Amino acid sequence: GPLVVGNPTAFNMALVNSAAKNAGLHISHKRDDADSKNAGATVGGEAGAMTILAEHRSDALSKIVQTCLHESDNLYAQQLLRSIGALDSDKGSAHPTLEERGVSRMKGWLASIGVPVQEVVLKDGCGLSRKDCVTPHALNTVLRHMLSKFGDGGYVSLLKGGEVKNGGKSGTWKFKTGAMDSVRTITGVLRNSGGQ
């Protein structure tokens, strides 16, 4: 049958550590004072010098969020939630994992913009948990907040959309779809030719 992984983060770290060990590499998660002093040393053959194995630069955060919104990319959504959880400086809190800390921060933010707590149940960042529940009113409250804070720029500009022209008048729409099993949803912003 298919491989089922209870903790993907731990599983992935174990794979990386195993591959590095098999390749004869030692991975240290902490550096001692000597390593810290050598961090600025010339890369290369000196004793204690560091060698860069790989380097990566990601797209701008707005591009990552836009890809997540357009493609409904669950991996991106989950990683964004983990990134939000990593901002939590209270590592000894009641929320031990990045996901739990991210969910806690999201619930706090939603409450701060006026979303009633009983209208949102979050268990993950991508909405794949059958326990995730968000009311249409909660989604509309988020979009209203984003529009009032950033206008048509910012978050709303990252959504899919289009424009309709009819005899010199035009209207626009921006939207986000969602789907799980037989459930299909859409939320968005329609702006008519009068700007409403």
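How many helices and strands make up the secondary structure of the protein? The predicted model contains 7 helices and 5 strands, taken as DSSP runs numbered from the N terminus, with at least four residues (H or I) for a helix and at least two (E) for a strand. From the N terminus on, their order is α-α-α-α-α-β-β-α-α-β-β-β. Residues are numbered from 1 along each chain as its sequence is written, and side-chain values use heavy atoms, without hydrogens and water. As this is a predicted model, local features need pLDDT of at least 70 and side-chain atom pairs count only at pLDDT 80 or more, whereas totals for chains, interfaces and linings use all residues.

The average pLDDT, the predictor's confidence in each residue on a scale from 0 to 100, is 80 for the protein, and 82% of the residues score at least 70. Over residues 35-45 the pLDDT is below 50; this stretch has 14 contacts in the model beyond near neighbours in sequence, a contact being heavy atoms within 4.5 Å. Of the contacts between residues at least 6 apart in sequence, 28% join residues at least 24 apart.

Among the 196 residues of the protein, 19% are buried; buried denotes under 20% relative accessible area, exposed over 50%, and partly exposed in between (1.4 Å probe, protein chains only). Gly-102, found in helix H5, counts as buried because its relative accessibility is 0%. With residues up to four places away in sequence set aside, Gly-102 touches Leu-81, Ile-84 and Gly-85. The C-alpha atoms of Gly-102 and Gln-78, 24 residues apart along the chain, are separated by 9.5 Å.

Helix H6 (residues 136-150) comprises 15 residues and reaches 21 Å from its first C-alpha to its last, close to the 21 Å expected at 1.5 Å a residue; the expected span is 1.5 Å times one less than the number of residues. Ala-138, Thr-141, Val-142, Leu-143 and Met-146 of H6 are buried. The packing partners of the buried H6 residues are helices H5 (98-112) and H7 (155-158) together with strands S1 (120-121), S2 (133-134) and S5 (183-191).

Trp-173 lies in strand S4 (residues 169-180) and counts as partly exposed because its relative accessibility is 31%. The protein exposes about 14100 Å², of which carbon and sulfur atoms supply 56%; accessible areas come from the Shrake-Rupley method with a 1.4 Å probe, and for residues only the protein chains shown count as cover.
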